[in-house]
Amino acid sequence: MKTLPIAIAFGLFGAIAVTVSFSQQWPTWVMFIAWVSFYIFGKKWQSSLWAFLQIVLGMCMAVLIQVTAGLLSQIIGQFGFPVSVFLYIGSLAYFARTKKLNNIPAWFLGLIILFGIHPPLEPLPILKLLIPIISGFVFAWMNNWVVEKIHARQISQSSVQ
């Protein structure tokens, strides 16, 4: 019986998130990537902010890969894209050595989001992707907050008995 309130919270937040996502015509999977990132990368606002930043940096890297690939393709033809990927992905080894920007999976999630959506390389379509990402983190935080409250209530009730 202790699991039922948690299951209801999970289901409720998931249903609300999907409804909002569908009604706003957001890519729902992008929102859920952010939701999962909240749980994977620490369940705290500070760690979530750093994960969010690195997801955004990964998206920026995807843009740079595409722009650089276009420029290199004019010089080396079909090898422009793989060389561009090699250069930028290779640079992650240096970011991995830093204290705050070392979350390589978060960088790759940003790459996945941008390459998965393939928006036009213009500011507005790319910036619009931040909305479902931020929403995913917010829904995850709210869901986690409610679940923690349920756990705390269950613990206090069991200690009274």
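Guide: A residue counts as buried when its relative accessible area is under 20%. By that cut-off, 35% of the 161 residues of the protein are buried. The model is predicted.

Visitor: What makes up the fold, helices or strands?

Guide: The protein has seven helices and zero strands. Read along the sequence, the pattern is α-α-α-α-α-α-α.

Visitor: How do you know whether the protein is spread out or a compact globule?

Guide: For 161 residues the rule gives 15 Å, and the protein has 19 Å. That is well over the rule, so the protein is more spread out than a compact globule. The C-alpha trace spans about 75 × 40 × 20 Å along its principal axes.

Visitor: What share of the contacts with a separation of 6 or more joins residues 24 or more positions apart?

Guide: Such pairs account for 70% of those contacts.

Visitor: Why is the Trp45 and Trp141 pair called tilted?

Guide: Ring centres must lie within 6.5 Å to pair. By this rule there are eight aromatic pairs. The centres of Trp45 and Trp141 are 5.6 Å apart, so the distance test is passed. Planes under 30 degrees apart would be stacked, and over 60 edge-to-face. Theirs stand at 45 degrees, so the pair is tilted.

Visitor: What makes this pair a tie between separate parts of the sequence?

Guide: Trp45 lies in helix H3 (residues 45–76). Trp141 lies in helix H7 (residues 130–160). The pair therefore ties together parts that are 96 residues apart in sequence.

Visitor: Why is the pair of Trp141 and Trp145 called stacked?

Guide: Their planes are 20 degrees apart, and the stacked class takes angles under 30. The centres are 6.5 Å apart. Both residues sit in helix H7, four residues apart, which means about one helical turn between them.

Visitor: Why do Trp45, Trp141 and Trp145 count as partly exposed?

Guide: Partly exposed runs between the 20% cut-off for buried and the 50% cut-off for exposed. Trp45 has 43% relative accessibility, so it is partly exposed. Trp141, at 30%, is partly exposed too. Trp145 has 43%, which gives the label partly exposed.

Visitor: How do you know that the length of helix H5 agrees with its residue count?

Guide: H5 covers residues 104–117, which is 14 residues. At 1.5 Å a residue it should span 20 Å. Its end C-alpha atoms are 20 Å apart, so the two agree. Next comes His118, with a positive phi near 50 degrees.

Visitor: Which residues of H5 are buried?

Guide: They include Trp107, Leu109, Ile113 and Leu114.

Visitor: What makes up the largest nonpolar core?

Guide: It holds 30 residues. Ile55, Met59, Ile113, Leu114, Ile133 and Phe137 touch the most other members. Helices H1 (3–24), H2 (28–40), H3, H5 and H7 each give two or more residues. H3 gives the most, with seven. In soluble globular proteins, nonpolar side chains tend to be buried together.

Visitor: Which residues does Leu114 touch beyond four places away in sequence?

Guide: Met59, Ala62, Val63, Gln66, Pro119, Ile126 and Leu129.

Methods:
Residues are numbered from 1 along each chain as its sequence is written. This is a predicted model: local features need pLDDT of at least 70, side-chain atom pairs count only at pLDDT 80 or more; totals for chains, interfaces and linings use all residues. Side-chain values use heavy atoms; hydrogens and water are left out. Rings of Phe, Tyr and Trp (its six-membered ring) pair if their centres lie within 6.5 Å; planes under 30 degrees apart count as stacked, over 60 as edge-to-face and the rest as tilted. Buried means under 20% relative accessible area, exposed over 50%, partly exposed in between (1.4 Å probe, protein chains only). The expected span of a helix is 1.5 Å times one less than its number of residues. The radius of gyration is taken over C-alpha atoms; the globule rule is 2.2 Å times the number of residues to the power 0.38. Contact means heavy atoms within 4.5 Å. A nonpolar core is a set of buried Ala, Val, Leu, Ile, Met, Phe, Trp, Tyr and Cys residues joined through side-chain atoms within 4.5 Å.
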